[in-house]
Amino acid sequence: MASMVELALYLCLFMCLILTCYAQTCAKYAFSSNRVFKSCTDLPVLNSFLHYNYDVSGKLEIAYRHTGITSSRWIAWAINPTSKAMVGSQALVAYQLSDGSMRAYTSPITQYQTQLQEGELSFDVSDLSATYSNNEIIIFATLGFPNNDTTLNQVWQEGAMSGNTPQMHATSGPNVQSLGTLNLLSGQAGTIGGRTSTQRKQNIHGVLNAVSWGILMPLGAIIARYLKVFKSADPAWFYLHASCQFSAYVVGVAGWSTGLKLGSESPGIQYDAHRTIGIILFCLGTLQVFALLVRPKPDHKYRVYWNMYHHLVGYTVVILSVINIFKGLDILEPEKKWKNAYIGVVIALACSGVVLEAHTWFLVQRRKRSESAGKMSHGINGAHGNGVNAHTANC
């Protein structure tokens, strides 16, 4: 029994060692140039790793590795001495030229959508070089910090090349998550608190809009189109429809406002199509709400035109809402289950609409036949009936 317990303990220890080795990806890396770096950290996104030697005199020797990348991409690693953001970063940039040679240079980031122009940094840089092999680009450099900062704001990035010119990097997913802090003494890397706050706001924005414009609005349209066919549902269907749409509008405005706030906090990151559709939805939704205040009575001669406007704008809002929800999901790139969940909701609403459309058509046709039969019966018992009685009387 004791031997079995010991064997189990050894197995657990062995598995822990294996997991530790796999977890410390950068620690197992050996540079072909026989360079040795005492510290390293696995950066959380973009397949990136930072190796470094730090001297308390302020000298920092680094090797920034970006794996799983082709020769038609550029990479950059930067330090921002003034803030926890992209603008103000002092970057080291590297890529492979069309002739196969590597180019490495410094680039101060002064604005969003930068073209990574070459320029001097706010601190000394020496021994700057880069290599490319086995789908991995490495930047080597030695940096000098006169103020001896031991906690840095770091940014790392990658993007496409057009010939020998770097292009704008992606503005969603991992490419907007690639910033954090680094403690040079402990080697501990952290995420920027502001980024976590931004992600929280993005999630709130997505949930509010998905529930309001993406679910409640279509549901309200279904209620208005199909429940009013049932005479027993009158006027309950109208109050359900109005309540559903008004709730959707209020929640949707909150989500729309959150989106505007996110846009103002990220001037260099723009999603033009998503933003434009959102503004159109807000305007159309507002028109629908105010249209209720001038709704003519059912027997008014202009009611038919109001109905045409109300239906056209309503269906436009529903269609644009669903389109914009999917655009938002593509921007946020959440776990696949969330997109699948919303697809399931859309399919459920669409199937309900198809079933109710068929049922409503059947009820309307049956009602028309019943009314036609009633009119015919009334005619026989009325005008034609009197003629028969007169003829009989004359006879």
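**Exercise 1. The second largest pocket**

Task: Describe the second largest pocket of this predicted model by stating what volume it has, which residues lie nearest its centre and which helices supply its lining.

Solution: Begin with the volume, which for the second largest pocket is about 710 Å³. Next, turn to the lining, which is made up of 27 residues, and note that Ala224, His241, Trp306, His310 and His311 are the ones that lie nearest the centre of the pocket. Then ask where in the fold the lining comes from: helix 2 (193-226), helix 3 (236-265), helix 4 (272-291) and helix 5 (303-332) each supply at least two residues, and helix 5 gives the most, with 9 residues.

**Exercise 2. The largest cavity**

Task: Find out how many cavities of 30 Å³ or more the structure holds, and describe the lining of the largest cavity by class.

Solution: The count comes to 1 cavity of 30 Å³ or more, and the volume of the largest cavity is about 150 Å³. Its lining consists of 15 residues, of which Trp74, Met86, Ile109, Leu116 and Gln157 are the closest to the centre. The elements that give two or more residues to this lining are strand 4 (73-79) and strand 9 (151-162), and the largest share, 4 residues, comes from strand 4. Sorted by class, the lining of the largest cavity has 10 nonpolar and 5 polar residues, but no charged ones.

**Exercise 3. An open sheet and its edges**

Task: Work out which strands stand at the edges of the open sheet, and explain why one side of each is left without a neighbour.

Solution: Start by writing down the order of the 5 strands, which is 1-2-3-8-7, with antiparallel pairing. Strand 1 (39-42) and strand 7 (124-133) stand at the edges, and because each has a single partner strand, one side of each is left without a neighbour in the sheet. On average, and with direction ignored, neighbouring strands of this sheet are turned by 15° against each other. Now look inside the sheet, where strand 2 (residues 48-54) and strand 3 (residues 59-67) run antiparallel and are joined by 7 bridges; in strand 3, Leu60 is the bridge partner of Tyr54. Strand 2 also contains Tyr52, which is buried because its relative accessible area of 1% falls under 20%. Lastly, compare sequence with space: Tyr52 and Ser39 are 13 residues apart in sequence, while their C-alpha atoms are 5.4 Å apart.

**Exercise 4. A pair of aromatic rings**

Task: Decide whether the aromatic pair of Tyr29 and Phe31 is stacked or edge-to-face, and determine whether each of the two residues is buried or partly exposed.

Solution: A pair of aromatic rings is described by the distance of the centres and the angle of the planes. For Tyr29 and Phe31, the centres are 4.9 Å apart and the angle between the planes is 80°; since an angle over 60 degrees counts as edge-to-face, this pair is edge-to-face. The accessibility of Tyr29 is 27% in relative terms, so Tyr29 counts as partly exposed, whereas Phe31, with a relative accessible area of 8%, is buried. To place the pair in its surroundings, note that Tyr29 and Phe31 form one aromatic cluster together with Phe37 and Phe140, and that the structure holds 9 aromatic pairs.

Definitions and conventions: Residues numbered from 1 in each chain as written. Predicted model: local features only at pLDDT ≥ 70, side-chain atom pairs only at ≥ 80, totals over all residues. Heavy atoms only, no water. Pairing = 2+ DSSP bridges. Axes fitted to C-alpha atoms, helices over the stretch in contact; angles between N-to-C directions. 1 Å grid on protein atoms, 1.4 Å probe; cavity = no way out; pocket = protein on both sides within 12 Å on 5 of 7 lines; lining within 4 Å. Points joined across faces, edges and corners; volume = space filled by probe spheres on them. Phe/Tyr/Trp six-rings, centres within 6.5 Å; stacked < 30°, edge-to-face > 60°. Buried < 20%, exposed > 50% of the residue type's maximum accessible area, 1.4 Å probe, protein only. Nonpolar A, V, L, I, M, F, W, Y, C, P; charged D, E, K, R; others polar.
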